[in-house]
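Here are my notes on the side-chain contacts. Please read them with the structure open.

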Amino acid sequence: MSGRQRRGDLTDTEEMNDFFAQLDNLDQAQLMSLRAAWRSTSRQVHEDAWTTVRALGARDGLTKEIDRVRSRAFAWATRGVDLAPYYTVGYDSTWQQVKIEAGEAIVDAALAVALGSRLDTHTRDVLIGPWLQATEAVE
């Protein structure tokens, strides 16, 4: 296939299903750790990784699939947010805020899982690194 991998539904794979199942089992401390690990990486490193992801999407015809992965991951991070102003009691509002703040790291990790071996090692490490740090106890 001349170096190009087949296009397909990046969100409908066993790896992605496992990722979202694991995501559903994270606790607040793990989400905070995920957010902190993501933020510890420089903005330029994140931008470089995203440049690589966009180039890969354009090259392999996966731009729409990448957008679908991003949307699904972001939807998880923001699920229930519209209720937050009405339910500001204790843990739930904090949980929602932590999920939102971890959203960028969640999107990056989802893309690393979805794109897998299509990514070079450095880009994959940038995208998945915070997730791996935060989920060591889960795996």
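1. A definition to begin with: helices here are DSSP runs of H or I with at least four residues, numbered from the N terminus. In that scheme R70 and D67 both belong to helix α4. They sit three residues apart, about one turn of the helix. Their side chains form a salt bridge, 3.9 Å from N to O. R70 is partly exposed at 37% relative accessibility, and D67 is partly exposed, also at 37%. Keep in mind that this is a predicted model.

2. How many salt bridges does a search of the whole structure find? It finds six. One of them joins D24 to R79, with the closest N and O atoms 3.4 Å apart. D24 is in helix α1 and R79 in the loop between α4 and α5, so this pair ties together parts 55 residues apart in sequence. D24 is partly exposed at 46%, and R79 is partly exposed at 45%.

3. E101 and R35 also meet in a salt bridge, at 2.0 Å from N to O. E101 lies in helix α5 and R35 in helix α2, 66 residues apart. E101 is partly exposed at 26%, whereas R35 is buried at 16%.

4. Turning to the rings, the whole structure holds two aromatic pairs. F19 and F20 have ring centres 5.1 Å apart and planes at 80°, so they pair edge-to-face. F19 and W131 have centres 4.6 Å apart and planes at 50°, so that pair is tilted. F19 is in helix α1 and W131 in helix α7, so the contact ties together parts 112 residues apart in sequence. Ring pairs link F19, F20 and W131 into a cluster.

5. Separately, K99 lies over the face of W76, 4.6 Å from the ring centre.

Notes:
Residues are numbered from 1 along each chain as its sequence is written. This is a predicted model: local features need pLDDT of at least 70, side-chain atom pairs count only at pLDDT 80 or more; totals for chains, interfaces and linings use all residues. Side-chain values use heavy atoms; hydrogens and water are left out. Rings of Phe, Tyr and Trp (its six-membered ring) pair if their centres lie within 6.5 Å; planes under 30 degrees apart count as stacked, over 60 as edge-to-face and the rest as tilted. Helices (H or I, at least four residues) and strands (E, at least two) are DSSP runs, numbered from the N terminus. A charge sits over a ring if NZ of Lys or CZ of Arg is within 6 Å of the ring centre and within 35 degrees of the ring normal. A salt bridge is a side-chain nitrogen of Lys or Arg within 4 Å of a carboxyl oxygen of Asp or Glu. Buried means under 20% relative accessible area, exposed over 50%, partly exposed in between (1.4 Å probe, protein chains only).
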